[in-house]
Amino acid sequence: MAEEFQALLAAATRVQPEHLVYAANLLRSLLAFAALMRRQYTTRHASLDINRVNSYLQTALTRRLNLDELVSATSTLSRYHFIREYKRQTGQTPMQAFQRIKVSHACYLLDISDDTLAQIAARLGYDDPYYFSRLFKKVMGVSPQRYRRERGH
């Protein structure tokens, strides 16, 4: 490495000073551009810690959660890149995943308790049990009542 540097210095002494100033300015511009491009690439392609996001979703199971809160709590990515990266890694959007986690927990509650659907929906942060029933059916393919009946509860 030192030998290459010495050779570079020797070559530089044979060039006119105005050419060196131009070359130095050009090199500075290229390095600044490269640093900017690297920063943009890193920001766009920053990895998303799916386990961290999913853990956060688990902790928010009993309340309403908006996407901006999820993004700021779990990542440094922009909202757009967060959604895109989450979907690339999991095949679903973060909010679809959150709904599935809630419905999965509702299945558990339907299996182990005699709580009404309205009580379960409220426990999971839904004010409208009818809306939650439709969401449950969309995710599970059966209504909550049918799910409970088929499970023998």
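These legends go with a set of views of a predicted model.

View 1. Reading along the sequence gives the pattern α-α-α-α-α-α-α-α-α. Of the protein's 153 residues, 29% count as buried. As for how the chain folds back on itself, take the contacts between residues at least 6 apart in sequence: 55% of those join residues at least 24 apart.

**View 2. Here helix H3 packs with helix H4 at an angle of about 130°.** H3 covers residues 50–59 and H4 covers residues 67–74, and their axes sit 10 Å apart. An angle that falls between 115 and 145 degrees is neither roughly perpendicular nor roughly antiparallel, so H3 and H4 are oblique to each other. Their crossing is right-handed.

**View 3. Zooming in on the H3 and H4 contact shows which side chains come together.** From H3 we have Arg52, Val53, Tyr56 and Leu57; they meet Glu69, Leu70, Ala73 and Thr74 of H4. Sorted by type, the residues of this contact come out as five nonpolar, one polar and two charged.

**View 4. This one picks out the buried residues of H4: Leu67, Leu70, Val71 and Thr74.** Look down the axis of H4 and these buried residues fall within an arc of 95°, so they line one face of the helix. What do the buried residues of H4 pack against? Their partners are H3, helix H5 (79–90) and helix H6 (94–112). Leu70 and Thr74 are buried, and both also belong to the H4 side of the contact with H3.

Terms used:
Residues numbered from 1 in each chain as written. Predicted model: local features only at pLDDT ≥ 70, side-chain atom pairs only at ≥ 80, totals over all residues. Heavy atoms only, no water. Axes fitted to C-alpha atoms, helices over the stretch in contact; angles between N-to-C directions. Helix = DSSP H or I, 4+ residues; strand = E, 2+ residues; numbered from the N terminus. Parallel < 35°, antiparallel > 145°, perpendicular 65-115°, else oblique. Left-handed = near helix turned anticlockwise from the far one by under 90°. Contact = heavy atoms within 4.5 Å. Nonpolar A, V, L, I, M, F, W, Y, C, P; charged D, E, K, R; others polar. Buried < 20%, exposed > 50% of the residue type's maximum accessible area, 1.4 Å probe, protein only. Arc of directions from axis to C-beta.
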